[in-house]
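Keep the structure in view while reading.

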Amino acid sequence: MAAAAGFIFTPRPEFAAKKLLAAGEEKIFEFARVFRNRERGRLHAPEFTMLEWYRVAADYKAVIGDALALVRLAAEVAGRPLTYLGRSCDGFAEAEWLTVAEAFRIHAGIELLDTLSPQGVGERDMFASRARRAGLEIAADDGWSDIFSKALAARIEPKLGLGAPTILYEYPRAEAALARAKPDDGRLAERFELYACGVELANGFGELTDPIEQRARFTAEMDEKQRVHGHRYPLDEDFLAALARMPPASGVALGFDRLVMLASGAPDIRQVLWTHMD
């Protein structure tokens, strides 16, 4: 891949990258220092390293292949399986491909697609009822996305990437703010995540390039932020303008520190960070 961007400090490297795609770049990557507020733990740090790349005119299965190749490379360099807290993943094994709907059915006992309208809008009360029957604790103010996240974290993620990498794909459209919808099913989007040892390593999309739909999704996201946290951020108007000129593309962001952590067998991300804040 040709490099059109270098080592930068940014909270959202994808916005800058997509502006470059709109300007005519075709294959780019960023090795970026990025930041997230209020995230701290074995797998989370407020400051970490992201490897992010994009391919113009490529199906998102192409960048899935890239991500799996990086997992194989990490396993080769380490000379050992990827490991985390007693879980193991053979980086050379053929990946498991699992749709999000299949994962919810198999690991959580929930028929996820039944809780989505044909346009991908979540039916919150139906989802809450089914999640409670599956044994999850759902609060009265939990929205559809909150319930989705709780089920994913508690019942599904710990069972992914065990023995072999897992590609979790075809996310609900409601959980894919930057991904284009599946052409044959408006409930779903071209989003995937790569897992190893129960740990999410990468998140990628067939990129949404419709500025009108993107504006509507961002506005809905800010409405929810206002409801939950009492504040909202202004929309990036330059980014929305660039989308109108951006060609079809696919992209992925991979947590570099997490990959190093699994390759080295470290139990905590702070052990592999170049620098970190306590």
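Two strands count as paired if DSSP finds at least two bridges between them. The model discussed here is predicted. In strand S8, Glu-193 is the bridge partner of Leu-168. That bridge belongs to the pairing of S6 with S8, which run antiparallel and are joined by six bridges.

Strand S7 (residues 181–182) runs antiparallel to S8 and is joined to it by two bridges; here Ala-181 has Ala-189 as its bridge partner in S8. Strand S9 (residues 199–206) is antiparallel to S8, with six bridges joining them, and Glu-200 in S9 stands opposite Tyr-195. S8 is mostly covered, with ten of its twelve residues buried.

Nine of its ten residues are buried, so S2 is largely enclosed by the rest of the structure. S2 pairs with strand S1 (residues 27–35) in the antiparallel sense over nine bridges, and Met-50 in S2 has Ala-32 opposite. S2 also pairs with strand S10 (residues 249–255), again antiparallel, over seven bridges. In that pairing Trp-53 stands opposite Val-252 in S10.

Next comes helix H3 (residues 100–108), whose buried residues are Val-100, Ala-101, Ala-103, Phe-104, His-107 and Ala-108. Because these residues cover an arc of only 160 degrees around the axis, they lie on the same side of H3. Their cover includes strand S5 (96–99), helix H4 (124–133), helix H5 (144–156) and strand S6 (166–172). After H3 comes Gly-109, with a positive phi near 70 degrees.

The last stop is the second largest pocket, which holds about 200 Å³ of space. The elements that give two or more residues to its lining are helix H2 (60–78) and helix H8 (256–264). H2 supplies the largest share, five residues. Among the lining residues are Leu-70, Leu-73, Phe-256 and Leu-259, and Leu-51 is also included.

Key:
Residues are numbered from 1 along each chain as its sequence is written. This is a predicted model: local features need pLDDT of at least 70, side-chain atom pairs count only at pLDDT 80 or more; totals for chains, interfaces and linings use all residues. Side-chain values use heavy atoms; hydrogens and water are left out. Buried means under 20% relative accessible area, exposed over 50%, partly exposed in between (1.4 Å probe, protein chains only). Helices (H or I, at least four residues) and strands (E, at least two) are DSSP runs, numbered from the N terminus. The arc is that of the directions from the helix axis to the C-beta atoms. Contact means heavy atoms within 4.5 Å. On a 1 Å grid over the protein atoms alone, a cavity is a set of points where a 1.4 Å probe fits but cannot get out, and a pocket is an open set with protein on both sides within 12 Å along at least five of seven lines; lining residues have an atom within 4 Å of a point. Grid points are joined across faces, edges and corners, and a volume is the space filled by probe spheres set on the points.
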